[in-house]
Amino acid sequence: MASILPDAADADSPLKADELQVLRAQYEKEGYYVGVQTKFNYAWGLIKSSSRNEQQEGVRLLSDIFRNAPERRRECLYYLALGNYKLGNYAEARRYNDLLLDHEPGNLQASSLRTLVDDKVAKEGMMGVAILSGVAIAAGVVGGLLFKGSRRR
């Protein structure tokens, strides 16, 4: 049976500008007394954005909901994990995602996101090792040349 839930890769498809503008307009219209659902909807749209600033704002809004509306925490966990993943905050993404999976071990979206986070951490870890190896080799070559040059004197 196919899942009707989108997997975590769906996060790479941002809302159209006019769709996000509808959510923004409702959020701004409610002003100081913005409702939790309106704030959540706008944060969701921002998280899906390809703009880093909008993603950061989405995470900020979701963090506010998470802190101040305990009854909505479970709903916020996945999108906090997703937003942090998109921002490159993999430890935070994993932390929120693991909290969700602790409560819902069968959550397909969270399982998909876990795979994305783990893959990204592994990939960046390998890049880090490659960079450090390159630096070590370069230092060895420079050190060898300096040592060779000092012996000639």
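So, burial in helix H4: the run is Cys76, Leu77, Tyr78, Tyr79, Leu80, Ala81, Leu82, Gly83, Asn84, Tyr85, Lys86 and Leu87, all listed as buried. Bear in mind that this is a predicted model. That makes 12 of the 15 residues of H4 buried, so the rest of the structure largely encloses this helix.

On geometry, H4 covers residues 73–87. From first C-alpha to last, H4 reaches 20 Å, close to the 21 Å expected at 1.5 Å a residue.

Okay, who packs against H4? One partner is helix H2, residues 36–48. The two axes come within 9 Å and cross at roughly 25 degrees. With angles under 35 degrees counted as roughly parallel, H2 and H4 are therefore roughly parallel to each other. The crossing of H2 past H4 is left-handed.

If you want to click through that contact, H2 brings Phe40, Trp44, Ile47 and Lys48, and they meet Glu75, Cys76, Tyr79, Leu82, Gly83 and Lys86 from H4. By type, the residues of this contact come out as 6 nonpolar, 1 polar and 3 charged.

One more residue to look at: Asn84, which sits in H4. Is Asn84 buried or exposed? Its relative accessible area is 5%, and the cut-off for buried is under 20%, so Asn84 is buried. What does Asn84 touch, leaving out residues up to four places away in sequence? The neighbours there are Val59, Asn89, Glu92, Ala93 and Tyr96.

Terms used
Residues are numbered from 1 along each chain as its sequence is written. This is a predicted model: local features need pLDDT of at least 70, side-chain atom pairs count only at pLDDT 80 or more; totals for chains, interfaces and linings use all residues. Side-chain values use heavy atoms; hydrogens and water are left out. Axes are lines fitted to C-alpha atoms, for helices over the stretch in contact, and angles run from 0 to 180 degrees between N-to-C directions. Helices (H or I, at least four residues) and strands (E, at least two) are DSSP runs, numbered from the N terminus. Angles under 35 degrees count as roughly parallel, over 145 as roughly antiparallel, 65 to 115 as roughly perpendicular and the rest as oblique. A crossing is left-handed if the near helix is turned anticlockwise from the far one by less than a right angle, and right-handed if clockwise. Contact means heavy atoms within 4.5 Å. Ala, Val, Leu, Ile, Met, Phe, Trp, Tyr, Cys and Pro count as nonpolar, Asp, Glu, Lys and Arg as charged, and the others, Gly among them, as polar. Buried means under 20% relative accessible area, exposed over 50%, partly exposed in between (1.4 Å probe, protein chains only). The expected span of a helix is 1.5 Å times one less than its number of residues.
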